[in-house]
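Hi,

Here is the structure I said I'd pass on.

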Amino acid sequence: MASRRRTLLKVIILGDSGVGKTSLMNQYVNKKFSNQYKATIGADFLTKEVQFEDRLFTLQIWDTAGQERFQSLGVAFYRGADCCVLVYDVNSMKSFDNLNNWREEFLIQASPSDPDNFPFVLLGNKVDVDGGNSRVVSEKKAKAWCASKGNIPYFETSAKDGINVEEAFQCIVKNALKNEPEEELYMPDTVDVVGGNRGQGSSGCC
Amino acid sequence: MDSKALRKKIFYGGVDHVLRKEVWKFLLSYHEYDSTQAEREYLAAMKREEYEAIKSQWKSISTTQAKRFTKFRERKGLIDKDVVRTDRSVPYYEGDDNPNVIVLRDILVTYSFYNFDLGYCQGMSDFLAPILYVMEDESEAFWCFASLMERLGGNFNRDQNGMHAQLLGLSKLVELLDPSLHNYFRQNDCLNYFFCFRWVLIQFKREFSFDQIMLLWEVLWTHYFSEHFHLYLCVGILKRYRLRIIGEGMDFDTLLKFINELSGQINIDRAIQDAEALCTIAGEAGADCIPPGTPPSMPIETDGGLYLQEDDVL
């Protein structure tokens, strides 16, 4: 098949149960928040048409179950991902401590061709809760973690109030495109790289 | 009591809601079919005491003790998060500070002590909510749920072996009952059947209304045609949509989305009729597709306990 400009961007949202993965996705795509989302079983995704630098993309956002016990399903759902969004709850230290696990598990199961440069974005969600008084993970601590993992972009969000959600996803789109090979951009009729190999770009940050 | 005749009646007609509270106890093997009224009353009293004893094990954990008991805090935290998002649109569970939500929580935490190896896993609250709604009694709901987990514990095991066995069985059934659909799935890298994961894990709980699911579950729990009737339901529904799946050339992602969006769209009576017909057509060959010990068959016991878990159980 001839290589064309890529129009589908696949993004995976990972993080502990109850940090707000489904809510973030729904706030971004449908501009809605509900207290009554059910725990995600298996996986689901929503799509949204996005424009980036005069190009149109279909952003496919995958929402997965947060319990570690279901991680073995990842193999089927993570493949072909262009960006991984890690989410924690700023009011839960455990959800922050688990970020390393989620990141590593993703890299194992998705096995991207260039794991060192695979784009991640970190979201600290639920900043609205209790006016910020129940917060246990500081912005400084989160940013230090991001710095230690190769400058992962970081956003503090509230899926409930819609704070920073749009900004975060714009960055996610940008990062999902980060590793797009140059030739795919400018030489639409060249032969596809064997194995669909992509992810040879340099690292960068929003 | 003639259990076969009763199960046949339930399979073909369900149970009037006022009778569910009694009938489900038999279907879930909490009560024996050949027990007497006196035996059942005695059992209920004994089991109530036993339940209270297990519940007191965690109720008596002090705040300072809990600080040093990470696994307890984490499990309880996970349960707390899930019960407030389980069937909250059903009047029995709706509204702030609903006491029934607390009972749901207490039963699940108690179960995670009763079966510490299996613990709590997402999806369990989906099973418990209708059971508690029907039983209207904490202890009886607990024991019915515990009985159900004897059969479905494999769905929630860390190694997911019960789920893999069922999805493999489903794959073999489709191969037997619809070879061309099977070929389509094979060619499109869909043979892991993960797109049916939610159907199988919580037995269609998210696909039907609360009232419909009570009916479907009692049909499944009769084990009248097969213990694995739910897998024939999967095959039947997939066959109903085979022309669209193949015609639209659905890949794995599209198929998953399509299946998820069937929620609320499936005609329950037709689905049960289709599954019954498929079960009859498949006969012995169908039963042979499903490995022994596949949930909800009773698990094959090993020396190491039923729910071998790695250390980092949650």
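**Where the chains meet**

In the interface between the two chains, 28 residues of chain A are in contact with 36 residues of chain B. Keep in mind that this is a predicted model. About 2800 Å² is buried between chain A and chain B, and carbon and sulfur atoms give 53% of that area.

On the polar side of things, twelve residue pairs are in polar contact across the interface of chain A and chain B, counting pairs with both residues at pLDDT 80 or more. There are also three salt bridges between the chains. In one salt bridge, the side chain of B:Lys257 meets that of A:Asp44, at 3.5 Å from N to O.

Which elements of chain A give two or more residues to the side that touches chain B? They are strand S2 (43-52), strand S3 (55-64) and helix H2 (74-78). S2(A) provides the largest share, four residues. By residue class, this side of chain A splits into twelve nonpolar, nine polar and seven charged.

**A helix pair inside chain B**

I also looked at helix H3 (residues 37-59) and helix H8 (residues 138-156), both of chain B: their axes come within 9 Å and cross at roughly 90°. The two helices, H3(B) and H8(B), are therefore roughly perpendicular to each other. Among the residues that meet are B:Lys47, B:Arg48, B:Tyr51 and B:Ile54 from H3(B), with B:Glu138, B:Phe142 and B:Trp143 from H8(B). The residues of this contact comprise five nonpolar, one polar and six charged.

Cheers

Definitions and conventions
Residues numbered from 1 in each chain as written. Chains lettered and ligands numbered in written order. Predicted model: local features only at pLDDT ≥ 70, side-chain atom pairs only at ≥ 80, totals over all residues. Heavy atoms only, no water. Axes fitted to C-alpha atoms, helices over the stretch in contact; angles between N-to-C directions. Parallel < 35°, antiparallel > 145°, perpendicular 65-115°, else oblique. Contact = heavy atoms within 4.5 Å. Nonpolar A, V, L, I, M, F, W, Y, C, P; charged D, E, K, R; others polar. Buried area = accessible area lost by both parts, 1.4 Å probe. Salt bridge = Lys/Arg side-chain N within 4 Å of Asp/Glu carboxyl O. Polar contact = N/O pair within 3.5 Å; in protein donor to acceptor, adjacent residues only side chain to side chain.
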